[in-house]
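I opened my notebook to record what I looked up in this structure, entry by entry.

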Amino acid sequence: MVTSIFLALCNVTKIDAMNNFNIKAKNNGRFFDPEELNYRADQKNLHLSDTPTTLYSAIQDFISTLQPEIIIHTGDLADDIKLEHNPQHLQRYSRSIKPFLEMLEESSARELYIVPGNHDSVDVLSHHTGRTKLIKEGDTILSGNSTLG
């Protein structure tokens, strides 16, 4: 069995009976972590998207607690920089995402994927990633008995 968790950035709801959770940020910059997730023996897949740099440490704590097997980030790694609208902030973007990517790569996740968003730089992502796979929007991920995408 696979549990899918989508980390959104604003209340928690278990969104369906198929073990899919939607985790949202509290106003204090932390995430509400439903305790039942920590004790599940099934595979946990974590979906991140639109992550502001101000929540990187909360995301790190959440990942350390949850210990997902697969992490998929679907773009806008430094969502507060809005690189598409502010290309002059490319260096700031690079400095901001580097420790975040290092944290992801040092996590216990078996597989890491990033689908770059419109506010990301593929060149910068490629420079700062090692084991993380950069994939295109619409690509399918095959992992064990699971197909994601």
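**Entry 1, strand β4.** I began with strand β4, residues 43-48, and asked how far the rest of the structure encloses it. Five of its six residues are buried, so I noted the strand as largely enclosed. The model I am reading is a predicted one, and I keep that in mind for every entry. I then looked for the pairing of β4 and found that it runs parallel with strand β5, residues 70-73, over four bridges. Within that pairing, I noted Ile70 of β5 as the bridge partner of Asn45.

I next stepped back to the chain, which has four helices and nine strands, and whose order along the sequence reads β-β-β-α-β-α-β-α-β-α-β-β-β. Of the 149 residues, 48% are buried.

Which residues have the most contacts inside the largest nonpolar core? I listed Leu48, Ile63, Ile71, Tyr93, Ile97, Phe100 and Leu104, in a core that holds 25 residues. The elements that contribute two or more residues to this core are β4, α2, α3, β6 (111-114) and α4 (122-128). Another core, of six residues, lies apart from it, and I noted Ile72, Tyr113, Val115 and Ile141 among its members. As background I wrote that nonpolar side chains tend to be buried together in soluble globular proteins. I then took Phe100 by itself and, leaving out residues up to four places away in sequence, found that it touches Leu48, Thr51, Tyr56, Ile59, His73 and Leu77.

How many salt bridges does the structure hold? I recorded three, and went through each pair together with its accessibility. Asp79 and Lys82 meet through their side chains at 3.0 Å, N to O; Asp79 is buried, with a relative accessible area of 16%, whereas Lys82 is partly exposed at 31%. Lys98 pairs with Glu102, with the closest N and O atoms 3.7 Å apart, and because these two residues are four apart in helix α3 (residues 90-106), about one helical turn separates them. Here Lys98 is partly exposed at 38%, and Glu102 is partly exposed at 36%. In the remaining pair, Arg110 and Glu111, the closest N and O atoms are 3.3 Å apart; Arg110 is partly exposed at 47%, but Glu111 is buried at 12%.

Asp50, which is not a glycine, has a positive phi near 50°, and I located it in the loop between β4 and α2. Asp76 is likewise not a glycine and has a positive phi of about 65°, and its place is in the loop between β5 and α3. Are these two residues buried or exposed, or something in between? Asp50 is partly exposed, at 33% relative accessibility, whereas Asp76 has a relative accessible area of 7%, under the 20% cut-off, and therefore counts as buried.

Methods: Residues are numbered from 1 along each chain as its sequence is written. This is a predicted model: local features need pLDDT of at least 70, side-chain atom pairs count only at pLDDT 80 or more; totals for chains, interfaces and linings use all residues. Side-chain values use heavy atoms; hydrogens and water are left out. Buried means under 20% relative accessible area, exposed over 50%, partly exposed in between (1.4 Å probe, protein chains only). Two strands pair if DSSP finds at least two bridges between them. A salt bridge is a side-chain nitrogen of Lys or Arg within 4 Å of a carboxyl oxygen of Asp or Glu. A nonpolar core is a set of buried Ala, Val, Leu, Ile, Met, Phe, Trp, Tyr and Cys residues joined through side-chain atoms within 4.5 Å. Contact means heavy atoms within 4.5 Å.
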